[in-house]
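Please examine the sequence and the three-dimensional model shown here. The paragraphs that follow lead through individual residues, helix packing, the nonpolar core and the ligand shell.

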Amino acid sequence: SSININELLEQILKRLRPIAKNRNIEMIYESFRPVIADIDEVKLSLAISNLIENAIKYNIEDGWIRVSLNADHKYFFIKVSDSGIGIPEDAQDYIFERFYRVDKARSRESGGTGLGLAITKNVIQMHRGAIKVYSKEGEGTTFNVRIPLNYIV
Ligand code: ATP
Ligand code: MG
């Protein structure tokens, strides 16, 4: 059904902001356009929450997270950037696979199962969309999501 994507993102950020604040991580939200799209609200909300939860979990103390929303005539774009530990280049091909985690020891400490990004990619593909990662170790990570506006659930 027709969902207000700006509101969907604001709801997610409202829920996750206190968790970020606990680690003194600043969360910035930038919306460049109002976006209404035919998407599955519950599933897309889970997919984007996974990205932002990762951006918190794999960030540094006093770091930042930037979430932005934009659109053209065909697609809307959600970008999640963080100032965190980054992902080694040779691992970037595998992070969307189920149960894959970059550093087993480190990941065990921080909890989780390694399913988050697999679910996120699945939901985005279900919406005929795409997700891409750009990352540099020790500098941070950006996930770019693109979803057609006219996707009908
Ligand atoms: P879960 O999401 O199931 O709680 P998880 O966070 O380990 O566990 P994914 O979300 O699928 O699993 O992420 C897979 C791996 O990719 C992570 O273990 C982590 O090593 C790496 N990763 C994901 N997002 C980031 C990020 N923003 N910065 C650095 N590494 C990341
Ligand atoms: Mg995760």
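Glu7 is partly exposed, because 13 other C-beta atoms lie within 10 Å of its own; by this criterion a residue is buried with 20 or more other C-beta atoms within 10 Å, exposed with 12 or fewer, and partly exposed in between, the C-beta atoms being placed from the backbone. Glu7 belongs to helix α1, where helices (H or I, at least four residues) and strands (E, at least two) are DSSP runs numbered from the N terminus. Between Glu7 and Lys121, which are 114 residues apart along the chain, the C-alpha separation is 22 Å.

The model is predicted: local features require pLDDT of at least 70, side-chain atom pairs count only at pLDDT 80 or more, and totals for chains, interfaces and linings use all residues. Residues are numbered from 1 along each chain as its sequence is written, while chains are lettered from A and ligands numbered from 1 in the order in which they are written.

Helix α1 also contains Leu9. Leu9 counts as buried because it has 22 C-beta neighbours inside 10 Å. Residues up to four places away in sequence aside, Leu9 touches Tyr29, Ile48, Val67 and Leu69; a contact here requires C-beta atoms, placed from the backbone, within 7 Å. Leu9 and Val67 are 58 residues apart along the chain, and their C-alpha atoms are separated by 8.6 Å.

Two packed helices are described by the angle between their axes and the distance between the axes. For α1 (residues 5-22) and α2, the angle is about 30 degrees and the axes are 10 Å apart; the axes are lines fitted to C-alpha atoms, for helices over the stretch in contact, and angles run from 0 to 180 degrees between N-to-C directions. On the side of α1, the contact is made by Leu8, Leu9, Ile12, Leu16, Ile19 and Ala20.

In soluble globular proteins, nonpolar side chains tend to be buried together. The largest nonpolar core of this model has 27 residues, and those with the most contacts inside it are Ile48, Ile52, Ile65, Phe76 and Val80. Such a core is a set of buried Ala, Val, Leu, Ile, Met, Phe, Trp, Tyr and Cys residues joined through C-beta atoms within 7 Å. At least two residues of this core are supplied by each of α1, α2, β4 (64-71), β5 (75-82), α4 and β7 (140-148). The largest share, seven residues, comes from α2. Ile52 is in contact with Ile12, Leu16, Ile65, Val67 and Val80, its neighbours within four places in sequence being left aside.

Strand β7 includes Thr141, which counts as buried because 24 C-beta neighbours lie inside 10 Å. Although 60 residues separate Thr141 from Ser81 in sequence, the two are 5.6 Å apart in space, C-alpha to C-alpha. Beyond residues up to four places away in sequence, Thr141 touches Asp82, Gly84, Gly86, Ile87, Val133 and Ser135. Val133 is placed in strand β6 (residues 130-136) and is partly exposed, because 16 other C-beta atoms lie within 10 Å. With residues up to four places away in sequence not counted, Val133 touches Ile87, Gln92, Ile95, Thr141 and Phe143.

Most residues other than glycine have a negative phi. Asp62, in the loop between α2 and β4, has a positive phi near 65 degrees. Asp62 counts as exposed because it has 10 C-beta neighbours inside 10 Å. Phe99 has a positive phi near 70 degrees and lies in the loop between β5 and α3 (104-110). With 8 C-beta neighbours inside 10 Å, Phe99 also counts as exposed.

Finally, 22 residues surround ligand 1, the closest being Tyr58, Val102, Gly112, Gly116 and Leu117; a residue is near a molecule if its C-beta atom, placed from the backbone, lies within 6 Å of it. The elements that contribute two or more residues to this shell are α2 (41-57) and α4 (116-126). By class, the shell around ligand 1 holds ten nonpolar, ten polar and two charged residues.

Key: Nonpolar A, V, L, I, M, F, W, Y, C, P; charged D, E, K, R; others polar. Contact = placed C-beta atoms within 7 Å.
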